[in-house]
Amino acid sequence: VGHVTWASGVVGSIAASYATTEFKYEFEISGKGGTILLQRSTTRPGYNLIVTKGMGKSVTTKEEFLKFEGLDNEFVAFAKGCQREEEYNRDQNTPEEALKDLELVQALLESGKQNGGIVAI
């Protein structure tokens with residue numbers, strides 16, 4: 001488990017465990033207005049997307065199933081994105097962004113070596 005605090009003050013945590021025989025993939029984002037949960041389906045190929053809005057008694061939940069589109073479609077989408085130069089002008093999916101992701105993973109590993117010590121990025 002890693003605790004992260006971005007320069008903007010936004011905080012979060014990252015957890016990963018490989019100590020199980022059951023494959024389980026979940027990605028959750030929680031905020032003041034609700035949560036988004038993406039989890040691998042155990043009954044069919046794809047993901048369950050669960051969006052929860054509100055707090056307390058005024059909570060609404062919307063669930064949607066996202067089927068796998070396959071690697072072929074992933075490669076086609078990647079190639080199309082590479083052909084559109086304007087996509088990279090939005091500061092997403094650039095080599096610099098990939099290095100930032102790697103920097104975060106390295107900091108989490110370094111923090112683990114330090115028994116949970118704070119590592120500034």
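Two strands count as paired if DSSP finds at least two bridges between them, and strands themselves are DSSP runs of E with at least two residues, while helices are runs of H or I with at least four, all numbered from the N terminus. On that basis, β5 and β6 run antiparallel and are joined by 8 bridges.

This is a predicted model, where local features need pLDDT of at least 70 and side-chain atom pairs count only at pLDDT 80 or more, though totals for chains, interfaces and linings use all residues. Residues are numbered from 1 along each chain as its sequence is written, and side-chain values use heavy atoms, with hydrogens and water left out.

As for confidence (pLDDT, the predictor's own score for each residue, from 0 to 100), the protein chain has a mean of 79, with 87% of its residues at 70 or more. Where pLDDT is low, the predicted coordinates should not be read in detail.

Back to the strands: K53 has T60 in β6 as its bridge partner. The hairpin of β5 and β6 has 6 residues between the strands, and there G54 takes a positive phi near 95 degrees. T35 has T52 in β5 as its bridge partner.

Over in helix α3 (residues 95-113) sits S111. Setting aside neighbours within four places in sequence, S111 is in contact (heavy atoms within 4.5 Å) with G116, G117 and V119.
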